[in-house]
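Please look over the sequence and the model below. A short report follows, one topic at a time.

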Amino acid sequence: MSSGAVASAATESAQGASHCVTVVSGEFDKNGNSVVVGPMRCSTTMEDALAQSKKAGGVSANGTSSAQTDTLLLREYKDAGYGGPIYDFVGTAGPCDFAGYHLVNYVQVEINVSSIQGFNNCNRVRINDEHEHYGTFALPLYYVGDEWNDDLVALQVYHAM
């Protein structure tokens, strides 16, 4: 995402939009991250933000193919205890499995995350900060901990037995 698009999304979010969404596929890029097929978009409802994200990425209304559907994977919150939802990741390859999805936060999100909830079989998360400190936790995660609070760069969300 260009710095202009990031600034635009941050401005949009600051102007009263309460839901921000990014859509990712089950495929991985050369860096091992899930491919973004719908860039971050913010709106007053999750449904509208999701539709805008998919439109911006050229994703059809029903996913990238008839076999793929939108699956809420992860929601990040500004406050500990799931207060102030700020960001959702939606996947097009279905619920989490053992490989899961590898997600990267935009800067204006990473500096605001304090708690996380997983959905649709996403019951574990591996997180890291910009200094490559890693931690693995069960979801939901009431508080990310002092080391990652407001410094959560990337996440791997997956299903573990």
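## The nonpolar cores

The largest nonpolar core of this predicted model has 25 residues. A nonpolar core is a set of buried Ala, Val, Leu, Ile, Met, Phe, Trp, Tyr and Cys residues joined through side-chain atoms within 4.5 Å. Buried means under 20% relative accessible area; exposed means over 50%, and partly exposed lies in between (1.4 Å probe, protein chains only). The residues with the most contacts inside this core are L74, L103, I116, I127, V144, L155 and V157. Strand 1, strand 2, strand 3, strand 4, strand 5, strand 7 (124-128) and strand 9 each give two or more residues to it. Strands and helices are DSSP runs numbered from the N terminus: E with at least two residues for strands, H or I with at least four for helices.

Take I116 as one example. Residues up to four places away in sequence aside, I116 touches L74, R75, Y77, Y82, I127, L139, P140, L141, V144, L152 and L155. Contact here means heavy atoms within 4.5 Å. A second, separate core has nine residues, including V23, M46, A49 and V90. In soluble globular proteins, nonpolar side chains tend to be buried together.

## How to read the values

Residues are numbered from 1 along each chain as its sequence is written, and side-chain values use heavy atoms, with hydrogens and water left out. The model is predicted, so local features need pLDDT of at least 70 and side-chain atom pairs count only at pLDDT 80 or more, while totals for chains, interfaces and linings use all residues.

## The chain as a whole

The chain has three helices and nine strands. Along the sequence they follow the pattern α-β-β-α-β-β-β-α-β-β-β-β. Of the 161 residues, 43% count as buried. Take the contacts with a separation of 6 or more: residues 24 or more positions apart account for 60% of them.

The accessible surface of the chain comes to about 7800 Å². Carbon and sulfur atoms hold 52% of that surface. Accessible areas come from the Shrake-Rupley method with a 1.4 Å probe; for residues, only the protein chains shown count as cover.

Two strands pair if DSSP finds at least two bridges between them. Strand 3 (residues 71-79) and strand 6 are antiparallel, with four bridges. Among the partners across them are R75 and Q117.

Strand 1 (residues 19-28) and strand 2 are antiparallel over six bridges. V21 has R41 in strand 2 as its bridge partner. The two strands form a hairpin with five residues between them. In the turn, G32 has a positive phi of about 85°. Axes are lines fitted to C-alpha atoms, for helices over the stretch in contact, and angles run from 0 to 180 degrees between N-to-C directions.

## Strand 2 and S34

Strand 2 is mostly covered, with seven of its 10 residues buried. S34 belongs to this strand, which spans residues 34-43. Is S34 buried or exposed? S34 is buried, at a relative accessible area of 5%. Beyond its neighbours within four places in sequence, S34 is in contact with V24, S25, E27, F28, Y101 and H102.

A second open sheet has four strands in the order 5-9-7-8, with antiparallel pairing. Its edge strands are strand 5 (101-104) and strand 8 (134-138), each pairing on one side only. The twist averages 20° from one strand to the next. Strand 5 and strand 9 (residues 154-158) run antiparallel, joined by four bridges. H102 stands opposite Q156 in strand 9.

## Aromatic pairs

The structure holds six aromatic pairs. Rings of Phe, Tyr and Trp (its six-membered ring) pair if their centres lie within 6.5 Å; planes under 30 degrees apart count as stacked, over 60 as edge-to-face and the rest as tilted. Y87 and F89 are edge-to-face, 4.8 Å centre to centre with 85° between the planes. Y87 is buried at 1% relative accessibility, and F89 is buried at 2%.

Y87 also pairs edge-to-face with Y106, at 6.4 Å centre to centre and 90° between the planes. This pair links distant parts of the chain: Y87 is in strand 4, and Y106 is in the loop between strand 5 and helix 3 (107-110), 19 residues apart. Ring pairs also link Y77, Y82 and Y142 into a cluster.
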